Amino acid sequence: MHSLPPAKRRKLSPSPILQQIVDLETTLASSISSNGSLNALDDLLTLTRRARDAPVVSKAIYALYRVFVLIIDKGKLNVKGEEGKVVRAWVWARLNGYTEYLVGLMTDGEQALRISALQILFSLLKHLSSASTTAEKANSSNPQPQFHVAHFKRIIRGLLLCPPSQRVKDLDSDAESKLLDPDVREHFLDTWLSVHDDIRWFFLRETTTLLTSLNEEEKPAALENLVSLLERLTTFPTDTAELNAWWVVELGVTPPKPSKVASDEPEDPSPDNTDDSDDWRKFFDEDGDSDSKSKSSSTKKSGPHARLHTLTIHQSLHALPAHRAVFTRTWLAILQQLSALEPERQRRLSVPVLNVMHQGIIPYLTRPVLVMDWVAGCVDYGGALGLLGLNTLFVLMREYNLDYPLFYTRLYAFLDRDVLHLKHRARFFRMAKVFLSSTHLPATILASFLKKLARLSLSAPPAAIIALVPFTYNILKRHPALMGMIHRVVDADEDIDPFDVKELNPTLTNALSSSLWELHTHRTHYHPAVSTLVRILEEAFTKPNYALEDFLDHTYATLLDNETKGRVRREPATEEDSLQGEAFPTAEKEGGVD
C-alpha cells in the first residue's frame, strides 16, 4: 500500500548551494596544486557574503579556510617577479576581504559562527606567521621567527570595536554589537590570551597603539571591551621559566643572547649590574623624558636605552622585563583614556579596574607608583569608587613604600551621613577593618573613627548598628588606650561633648576626651537584636574578637527573618498572666483575703 513507509529511506541530496561550495573548493584545490587559475576564489567569496543561513555560512567559511591554508602553505603569498607581484596582491586582497568577513562574524547572532570565526582567524595567524618565517629564512642571512602583526591587528580591532556581522543586515541591532560577546571573550581568554605568551605580548603591545589611533566615538566601547578582557587575565609570568607556551611554534625557539654594546666606560662588574629587570624599569620610567637627551654619552651607550634597542622582537618575547614593560604601558594608556571619559562611564569602568588593581595589576608593573595619580583621582570621586581607590593606596603604602600622609584624613572624610545607609556599607567596614588594624596607629585617630561612627549610628538602620558594635569591640580590645571612651563618667556640670564633629582632621577632633555615649543609648533600641548586642560593651573584654563577616550582610529582611523564623525558647508573657500574678500580692498588702 502507498501508505506504508518504504523499506529503505532515500538518501537526501545536498542543497544546490552546499554542493556549489563543495565544487568550488574542489576546483580551487586542484588549481592550487597545478598552479592553475584562482578565479573561482572570487566566486566562493561572493557566495559566502551572500549566504544568510548559518549552516551555509559555516560550510563556506571552512571551505575558504582550507583553500587559503593551501595557498599559504604553497607559498602563493610570496611569489617573486613582476607577474608574481600581481598575483600576490590579488590573493592578499581576497584574503583580507575574507578576514574582514570573519571579524564581523564575531558579533553574529549565531554562537557557533562567532566561535568558528575566532578559531579560523587564529589558525590563519599561525599559518601566516609560519609562512613569513619560511620566507625570512630564504631571504635573510640572519633570519628571525616572524609573527604576522598585520593579520593580528585585524583580530584585535574586531575584539575591541566589534564591527557588525555582514551575514544579517540588521541596523537596529548595531547598538548592542559594540560590546564583545561573553562567549567570544571567554574563548579568546581561555584559549589564547591567558595561555600563550606570544599572543599576550603582542596583544598588549598592539592594543596600546590602537587606543591612541581611535576617534572619540570608538574609544568608549573599545576601552570597555579591553578592560573586560584584561580584568579577567589571571595568568602573567613572574619568572623567565614560565615563558614556555607559544601559539606560533617558531617563536618558542630560544633566541641568541643580546649582543653587548660598546661603551666609553667599562661596565660595572658588580652582581647588581646584571639585574636586567632593574634596567628595564629605569628605561620605562624615563621613556619619553625630554631631558634624556642631555645625559652623558656613556649612559646612552651602556645604559638601559642601549639595551632596549639591541633586543629583537624574538628576544623581547623571551625576556620577562619586556613582558612587564608592555603590560605597564598598556595599563597606563588605559588609565589615561579612562580619565578622559564622561563621568558616569568613567566611574563604571574604573570599578572593575580597581577591583583587580592590587592583585592583578600592581604586582606586574615595572614601577607600581606610576598609577598613584590615577588612584588618587578615584579617591577624590568618593563613594564606592573612592573606597576602592583607598584600598589600592593602602596596598601601595604597605607593600611598595608609597608616601601618602593624608591617607587617614581621606578615609575619615568618607564618614558622612550616608556611609551607614548605602549599599557599599559592608565594603567600607571590611576595608576599615584592614586600614585600622595596625597597633601602631595613634589613639587619637582611632578614637575619632569610633566616635564619628557612633555619632552616625544615632540615625542608622539596625543592620548598620549590628555591624558597628562588633567592629568597635574589636578595636577597643586591640587598643586598650581607648577603653576610657566607654568607662568615662561625665561630671554633672559638664554637659558639652568635647568631640568636634565638624573637624576634618582626625587628629584634632578631641574624640579621645569624649565617650561613646551614642552606643550606650542603643541599650533601649526598639530592635531587640541591637539592644542585646550593644550590652557586650558593658561586660569584661574577655571574649575573643568577633568575626566581623558574620555581621556585615544583615538587612531589614534578614533581621525580620531571624525574629520570625527563629525557635521560641520561652513562651512570651501574656497580659492575662501578668494581671493574675499581680492580683494576689496587691490584696495581701491591703490586709489579706477573707
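This is a predicted model: local features need pLDDT of at least 70, side-chain atom pairs count only at pLDDT 80 or more; totals for chains, interfaces and linings use all residues.
Which helices do the buried residues of H17 pack against?

Residues are numbered from 1 along each chain as its sequence is written, and side-chain values use heavy atoms, with hydrogens and water left out.

Entry on H17. I took helices as DSSP runs (H or I, at least four residues), numbered from the N terminus. The buried residues of H17 pack against helix H15 (343-361), helix H16 (372-381), helix H18 (407-413) and helix H19 (425-435), where contact means heavy atoms within 4.5 Å. Among the buried residues of H17 I listed Leu385, Gly389, Asn391 and Phe394; buried means under 20% relative accessible area, exposed over 50% and partly exposed in between (1.4 Å probe, protein chains only). I then checked the length of H17 (residues 383-400): its 18 residues should span 26 Å at 1.5 Å a residue, and the end C-alpha atoms, 25 Å apart, agree with this. The expected span is 1.5 Å times one less than the number of residues.

Entry on phi. Most residues other than glycine have a negative phi. Asparagine 401, which follows H17, has a positive phi near 60 degrees. Asparagine 35 also has a positive phi, of about 55 degrees; this residue is in the loop between helix H1 (16-33) and helix H2 (40-50) and is exposed at 59% relative accessible area. Cysteine 162 has a positive phi near 50 degrees and lies in the loop between helix H6 (149-161) and helix H7 (182-193), but is buried at 0%.

Definitions and conventions: Helices (H or I, at least four residues) and strands (E, at least two) are DSSP runs, numbered from the N terminus.
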